[in-house]
Amino acid sequence: MVRDHNQLRKLAIVPAYNEQGMVGRVVRDIHRHAPDFDVVVIDDGSLDNTTAEAEAGGAVVIRHPFNVGIGGAMQSGFKHALRNGYDVAAQVDGDGQHKPAHIHDLLAKLHTSGDEADMVCGSRFRGDPGYRVPIGRRIGNLIFSVVLSAITRRRITDPTSGFRITNRRGIELFARDYPHDYPEVEAILMLHAHRLRIHEVPVRMNARGYGRSSIDYPRSAYYMAKVLLALFIGLFRRRPTPIEEPPDTSEGEPVAPGAAISGAGHAPRGS
Amino acid sequence: MPDLSAVFSLAAGGQLDNRVRIVAVIVTAVLLGLVLELVRRRRLIERYALLWMVVALILLVLAIWNQLLAHVSNAVGIEVPANALFIAGLGLAFLLLLHFSVITTRLSEETKILAQEVARLDVEARAARAAAVNGERAPNDERSPGEPWRPSATHAAGLAPPATGESGGESQPGRSPSTADQ
């Protein structure tokens, strides 16, 4: 890291779907605990007042005309970060589960690790999770953790955590390609395939503040199957991301030259 | 009244020819391999891959597990178990087709919404451009002339109704990164 950290442009991406009761508080908490972060809320086709609440909290809001899912929402955030020249992007869920007070713990690790860390994940399972994690969630997480740790040869304790922060390399990668639904686990595999490094920092989380978890019983079965299939297939992909494809955004994409060069540099062709 | 139990026991005991089972195994294996390869090439997303894999596995189980197929065909009154296998395959394919019709309906609805959104943005962009050419200020534009667009709370709050949809920098495709990255 050459530049002074204070000069880095930092963005907090807050995906939110029907979170009118929580999203305003999340935005204000980010402003209070991490005033150096701009906040963009991705309103993923909410049917309630999520957009108004987020704007009242002082966030820029990107509205999807209909619900496209958490993966597409996060990718919108990364595209926004890339287009506007942000150096650091954090994900803070709009349901209030992630504590903005921890953002600077993640950021510190991103910096102190230098080129070692391209993404820092907040892990509930390296210390006190902060709330009672349901047993089913723990088991699912453990399975992903074992598989991913074996693949990446790093100890990854909380691959399903969405509370993470990444640098310019991660932003460029994820703006180009991000998994569809339940993207967190696959995103780690993508980073690994591109030789980007992942670190974890212990964080505490809240039980969900408002609304229902998007993952109920039949969906959790689909979650397990989908992610395990994606991890399995990922092992057989020579090139995890379609790099050669032209960027799918409009012509005049401002980042195209720089991103293409640095992207090619970071991303080895074979695995 | 003829004794039907003999017929039923015969039907229940009737087994698929081993050749049929081998063919069934080969067909499902090819289907599974094809599905996995399509996912690997990013031509198929995992959601639909899982759907096809579940269907293939159901047919595979029915083809291999004779007892189960016999019970099923007995329960619904099909005398030849192989026919039950056909019916099951046909039914599952029918369900898949119906499912995809539902998805197609949703996709066309979403495409329509996208087209309408793009058209609305185009009108607004042209109006703003015309206003700029005439030396006027576009409504809700707080920038001084020449100042690059920036994401800021005031800008977002300045947009009149939330329904207009603040769309980040997407309405400003021509900016260069150097101006935004000071």
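This is a predicted model: local features need pLDDT of at least 70, side-chain atom pairs count only at pLDDT 80 or more; totals for chains, interfaces and linings use all residues.
In helix α5 of chain B, the buried residues are B:P81, B:A84, B:L85 and B:A88. The buried residues of α5(B) pack against α3 (46–64) and α4 (66–76) of chain B. The number buried is four out of the 53 residues in α5(B), so the helix lies largely in the open. What about its length? At 1.5 Å a residue, a helix of 53 residues (81–133) should span 78 Å, and the end C-alpha atoms of α5(B) sit 77 Å apart, which agrees. Just past the end of α5(B) comes B:G135, with a positive phi of about 75°.

Take the contacts in chain B between residues at least 6 apart in sequence, and 52% of them join residues at least 24 apart. B:R42 has a positive phi of about 65° despite not being a glycine. Most residues other than glycine have a negative phi. B:R42 sits in the loop between α2 (18–40) and α3 of chain B, and it counts as partly exposed because it has 14 C-beta neighbours inside 10 Å.

Chain A is built from both kinds of element, with nine helices and seven strands. Buried residues account for 48% of the 271 residues in chain A. Among its contacts with a separation of 6 or more, 77% are between residues 24 or more positions apart.

The strands of chain A come together in an open sheet. Seven of them line up in the order β3-β2-β1-β4-β6-β5-β7, with mixed pairing. At the edges stand β3 (60–63) and β7 (198–202) of chain A, each with a single partner strand, so one side of each has no neighbour in the sheet. From one strand to the next, the twist averages 20°.

β4(A) pairs with β1(A) in the parallel sense over four bridges. In that region, A:K10 has A:V88 of β4(A) as its bridge partner, and A:I13 stands opposite A:Q91 of β4(A). With strand β6 (residues 164–166) of chain A, β4(A) pairs in the antiparallel sense, over three bridges; here A:A90 is partnered by A:I165 in β6(A). Both faces of β4(A) (residues 88–91) are covered as well: A:V88 and A:A90 are buried on one side, and A:A89 and A:Q91 are buried on the other.

Helices of chain A pack around these strands. Helix α3 (residues 70–83) of chain A lies across β1, β2, β3 and β4, and runs at about 155° to β1(A). Helix α1 (residues 23–33) of chain A has A:V23, A:G24, A:V26, A:V27 and A:I30 buried. Looking down the axis of α1(A), these buried residues fall within an arc of 165°, so they line one face of the helix. What do they pack against? The partners of the buried residues of α1(A) are β1 (10–16), β2 (37–43) and α2 (50–57) of chain A.

Further along chain A, A:L191 belongs to helix α7 (residues 183–193). A:L191 is buried, because 22 other C-beta atoms lie within 10 Å and the cut-off for a buried residue is 20 or more. Leaving aside residues up to four places away in sequence, A:L191 touches A:D118, A:M119, A:G170, A:L196 and A:I198. As for A:F232, that residue is 41 positions from A:L191 in sequence and 15 Å away in space, C-alpha to C-alpha.

Chain A also has a non-glycine residue with a positive phi: for A:R153, the value is near 55°. A:R153 is found in the loop between α5 (135–152) and β6 of chain A. Is it buried or exposed? A:R153 counts as exposed, because it has 9 C-beta neighbours inside 10 Å.

Notes. Residues are numbered from 1 along each chain as its sequence is written. Chains are lettered from A and ligands numbered from 1 in the order in which they are written. A residue is buried if 20 or more other C-beta atoms lie within 10 Å of its own, exposed if 12 or fewer, and partly exposed in between; C-beta atoms are placed from the backbone. Helices (H or I, at least four residues) and strands (E, at least two) are DSSP runs, numbered from the N terminus. The arc is that of the directions from the helix axis to the C-beta atoms. Two residues are in contact if their C-beta atoms, placed from the backbone, lie within 7 Å. Two strands pair if DSSP finds at least two bridges between them. The expected span of a helix is 1.5 Å times one less than its number of residues. Axes are lines fitted to C-alpha atoms, for helices over the stretch in contact, and angles run from 0 to 180 degrees between N-to-C directions.
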